[in-house]
Amino acid sequence: MSGHSTYQPQNAFMKWMEARLPIAGLVHSSFIAYPTPRNLNYWWTFGGILSFMLAAQIITGIVLVMHYTPHETMAFNSVEHIMRDVNFGWLLRYLHSNGASMFFIAVYIHMFRGMYYGSYKAPREVLWILGVIIYLLMMATGFLGYTLPWGQMSFWGATVITNFFSAIPVVGETVVTWLWGGYSVGNPTLQRFFSLHYLLPFVIAGVVVLHVWALHVVGQNNPAGIEPKGDRDTVPFTPYATVKDAFGMVCFMLFFAYFVFYLPNYLGHADNYIPANPAVTPAHIVPEWYYLPFYAILRAIPNKLLGVIALFASIGILVFLPWLDSSKVRSARYRPLFRQFFWIFVAVCLGLGYLGAKPAEGGYVIASQILTFYYFAHFLIILPLLSRFEKTRPLPNSISESVLKAPAKH
Amino acid sequence: MTMQRSLLAFALMIGLAAPALAAEQGELPPKQKWSFAGPFGKYDRGQLQRGFKVYREVCQACHSLSLLSFRNLAEPGGPGFTVPQAAAIAAEYKVQDGPNDAGEMFERAGRLADRFPKPFPNDNAARAANNGALPPDLSVIAKARTYERGGFWFLLDLVTQYVEQGPDYIVAVLTGYADAPKDFKVPEGNHYNKFFPGHAIGMPNPLSDGQVTYDDGAPQTAQQYAKDVTGFLMWAAEPHLEARKRLGMQVMIFLLVLAGLMYFTKKKVWAAVKGRPEMLEGKPSATKH
C-alpha cells in the first residue's frame, strides 16, 4: 500500500519541490490516492474524528493557557476569570473540558470497532499496540488536565490516583513524595501536572503519526475482515473516504455542541466548583467518567497493591489482544459466537463504569468483583477458547462480493 | 440479533435493579420552574434584581460573592441594571484601597471595577463570628451544589436537559428548616434541615415571610425569597448562560444544515460506485441487484 507515489506535479514549482522534498507526494499518496476498502461503514469515521478532537483540544488548550495561572492560590480563580472576563472564555473552557469527554467517547467507539472487526490481527498488531499507547497517553493527559482547575475533585482525584504508587513495596512512599514534589499534593504538584499536561498532547500527536504511518503500511481493515484483492475492492481516499469522514465528523460535532452549549457541566462534577481544600475530603471521590470502569476494577479488589496491579493489567492486557485471540477470521460478522461475547463484553464494561461511580459498599463491591472477573476472563479464557473451538461462517471471496451480497440479507 | 437484544435487555435489568441495592435516600429537593432552564432559557431580570436585593439584605452579612464585580450588574444577560444604577450600588459599599502615597491603606466608596467586598477580613474571622462554621463564598455555589437521585435518571437528564439540580437544591435547603425528628440529636449551635446532607446545618434559618420588601408586587414570602436569591446566584455562577444558549442554537442550526449538505454530497459522490454494481464485479450475472 505504501508503494511509490503516483503523484504527478503539474507546475514548475511543484516539480522543483518534489525533486527536493516530496511532501506533496506524501500527502497525495496518504490522503488522496490512498486506496481504502470500499465497504467501510461509519464506525470507520472515528479515526478522522479523533484527529479532529486532538487538534481541537490542542488549539483550545493553547488559548486557555494564555489566561490560566498554574498556582495553587490562583488556579481556581483564573479558570473563573476565563469563564467570566475573557471574551468567549466560557466557550473555550467548555469546549476543552467537554472535548476531553468527546475524545474519550470517540476513542472508546474506535477501540470497540477494532475489537468487533478484528482490526488488531496480523498484520495490524503494531498498529493496534500504538493505539493502546495513545489511549494510555490520553488517560494520563486527561487526568493531569482535570487537576488544573484546582477544585475539590481535582485535588482529591490527584491525591487518590498518585497514591496508587504508594502501593509499590518498599519504595512506594518515596515514589509518591517524588511525584508530588512534597509531602502532599500541593503547588509543586499542580505546576508539574500543568507542564506535563501541555507536553503530553504533542507526544500523542507524535504517536498518532506513527499510528497513521503503520496504518498506511498495512492498509485499513474493513467490515468483511478480508484483505482487498485489487482495485475492484477499493476506492481512492479522496473523494470517497474524505466526504464520508467529513459527514461523520459534522454529526459528531453536533453531538459535541449539544453538550458544550446545553449540558456543559453534565459530564463534570459539582464538587469541582468548590476550591481545593486539603482539610475537607469530599463525600465521594469520583474520577472522570472515562476512568470509571478501571476505578471499579481497582476497588473490586480488597488488597491495595493487587487492586493497582489489576487496574494496570486491565489496560495492559489490550497489548496482548492480537495473540490472545488467534482466530484466523477477523470480522465478528463471520464469528457468530464471538459476536455474542463481544456484546456481553461491551455490557460488562458499561456495567463496570456504572459501578465505578457508586460508593464501594455492599452489593456494588460484589457486582464489581463479578464483572472484574468477567473482564479478565473475556481476554484470558473466552477469546483463546473461541479461537480454538468456534465454527466460523464462510468468508466471502472478496470485498466486492460481500458488498453485493449485503442487500440480499435485508 | 435476537440473542444480542436479550443480552442487552438482561444488562438493562441488572442495571435497573442495581439502585435497589443502594441505601434508601431521604426526601429529594422538589423541582422548581426556572426561566433559565432549557435550550431557550433566559434569566428573569425581575427575579435577578429581587434576588440581588435578598442577597444584599440577608446573605451578604456572612457570605462573600468575591468573584463578582459591580460592573457585572450592568452587563448584558444579567440583572439588567443600567451603568449609573450599578455605579450607584457600588458607591454604597466601602472598599479598602491602598497603600496611598503615605503608605497607608484607606477606605473609599466602591466603583464599577471593584469586586464585591467580603464581609469578613479573613476565613478565621468568618469562622469566629459563625460558631466555627465558614459561610461559603456564593460566587459559583449554584454550580457547586447538586443532589443525587440514583438509578438511571442521569440518562433521562440528557434528553430533558435537566441540569438545574444545583438551584433546586439551594431552594430546598433555604426552605428546608424544620423541627428535628425525636430520634435526631442536633449538635450544639446547629440547625435541623431536611435537605442538607447530614441534616445538621450551621446556618440558622435565614429567610422568613415579609423580611425583604419587594417593590414590584412579587409575593414577599420565604419561598419567593429563596427562589429569587437562587436565580440570582445561578446568574452569578454562570453569567454568560444566555449568550451560551443563544450561540448554541445558531451553532446547532449551522451544523444541522452542514450535516444535511454533507450527507447529500456524500450520497452523490458515492453514487458513482454504489449505483453501478457492474463496476464492482464486472460480470453480467451480478448486476441483477
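Reply: Start with helix axes. Axes are lines fitted to C-alpha atoms, for helices over the stretch in contact, and angles run from 0 to 180 degrees between N-to-C directions. Helices (H or I, at least four residues) and strands (E, at least two) are DSSP runs, numbered from the N terminus. This is a predicted model, in which local features need pLDDT of at least 70, side-chain atom pairs count only at pLDDT 80 or more, and totals for chains, interfaces and linings use all residues. Residues are numbered from 1 along each chain as its sequence is written, while chains are lettered from A and ligands numbered from 1 in the order in which they are written.

Me: At what angle do α14(A) and α15(A) pack?
Reply: The angle is about 155 degrees, and the axes are 10 Å apart. Angles under 35 degrees count as roughly parallel, over 145 as roughly antiparallel, 65 to 115 as roughly perpendicular and the rest as oblique. So α14(A) is roughly antiparallel to α15(A).

Me: Is the crossing of α14(A) and α15(A) left-handed or right-handed?
Reply: A crossing is left-handed if the near helix is turned anticlockwise from the far one by less than a right angle, and right-handed if clockwise. Here α14(A) passes α15(A) in a left-handed crossing.

Me: Which residues make the contact?
Reply: Two residues are in contact if their C-beta atoms, placed from the backbone, lie within 7 Å. From α14(A) they include A:Phe341, A:Phe345 and A:Leu352. From α15(A) they include A:Leu371, A:Tyr375 and A:Ile382. For classes, Ala, Val, Leu, Ile, Met, Phe, Trp, Tyr, Cys and Pro count as nonpolar, Asp, Glu, Lys and Arg as charged, and the others, Gly among them, as polar. This contact has 14 nonpolar residues, 3 polar and no charged.

Me: How do α3(A) and α10(A) cross?
Reply: Helix α3 (residues 46–65) and helix α10 (residues 237–262) of chain A have axes that come within 9 Å and cross at roughly 55 degrees. They are therefore oblique to each other. Their crossing is right-handed. A:Gly48, A:Ile49 and A:Phe52 of α3(A) meet A:Asp245, A:Gly248, A:Met249 and A:Phe252 of α10(A). By class, that contact has 4 nonpolar, 2 polar and 1 charged residues.

Me: How many residues of chain A are in contact with chain B?
Reply: There are 40, and they touch 42 residues of chain B. The largest share of the chain A side, 13 residues, comes from α10(A). That side divides into 28 nonpolar, 7 polar and 5 charged residues.

Me: What is the mean pLDDT of chain B?
Reply: pLDDT is the predictor's confidence in each residue, from 0 to 100. The mean for chain B is 89, and 86% of its residues reach 70 or more. Over residues 13–24 of chain B the pLDDT is below 50. Residues 280–289 of chain B are also below 50. The model scores ipTM 0.92 and pTM 0.92.
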